[in-house]
Amino acid sequence: MSLIEIFTDHVLNRKSLKEYVEIRKRLNERGEFNDQTLIQAEDDLQRLKKEDKKIYEKMYATLDEMCQQDMGHTVEYPINFIREILKIYQKGIPAKKVYEEYERGLTHHINDR
């Protein structure tokens with residue numbers, strides 16, 4: 001499995017990003033995010049799950065829908081998902097607002113296939 005496939009598996013299947021960091025270290029490869037960012041993203045995901053489970057579930061449902069629609073750039077879906085999660089606590093943007101903006105991506109009709 002390639003690094004991006006492992007990352008995608010971890011994000012889509014709600015596996016620990018901290019575990020992914022350890023796997024990546026063994027592979028001695030670099031990814032889109034540094035270790036600290038991934039650890040922070042995992043902490044933010046767990047915090048969101050605890051504080052607003054409804055938005056947490058909606059974020060993942062939107063990610064799943066994007067993958068099912070497969071509008072191109074499938075490698076970017078989990079990367080963009082993590083970027084959106086980081087906005088909630090690292091940039092202080094309300095979870096509902098982040099979710100609403102993220103969900104709008106479902107109606108964006110650019111297809112590069």
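**Aromatic rings**

The count comes to 5 aromatic pairs, where rings of Phe, Tyr and Trp (its six-membered ring) pair if their centres lie within 6.5 Å, and planes under 30 degrees apart count as stacked, over 60 as edge-to-face and the rest as tilted. Select Phe-7 and Phe-33: this aromatic pair is tilted, with 6.2 Å centre to centre and 45° between the planes. Phe-7 belongs to helix α1 (residues 3-12) and Phe-33 to the loop between α2 (17-27) and α3 (35-51), so the pair ties together parts that are 26 residues apart in sequence. Helices here are DSSP runs (H or I, at least four residues), numbered from the N terminus.

This is a predicted model, in which local features need pLDDT of at least 70 and side-chain atom pairs count only at pLDDT 80 or more, while totals for chains, interfaces and linings use all residues. Residues are numbered from 1 along each chain as its sequence is written, and side-chain values use heavy atoms, with hydrogens and water left out.

Colour by accessibility next: Phe-7 is buried at a relative accessible area of 4%, and Phe-33 is buried at 11%. Buried means under 20% relative accessible area (1.4 Å probe, protein chains only).

Then select Tyr-56, Tyr-60, Phe-81 and Tyr-102, which form one aromatic cluster.

**The whole chain**

Finally, show the cartoon: the secondary structure comes to 6 helices and 0 strands. Of the 113 residues of the chain, 37% count as buried. The C-alpha atoms fill a box of roughly 40 × 35 × 20 Å along the principal axes.

Terms used:
Helices (H or I, at least four residues) and strands (E, at least two) are DSSP runs, numbered from the N terminus. Buried means under 20% relative accessible area, exposed over 50%, partly exposed in between (1.4 Å probe, protein chains only).
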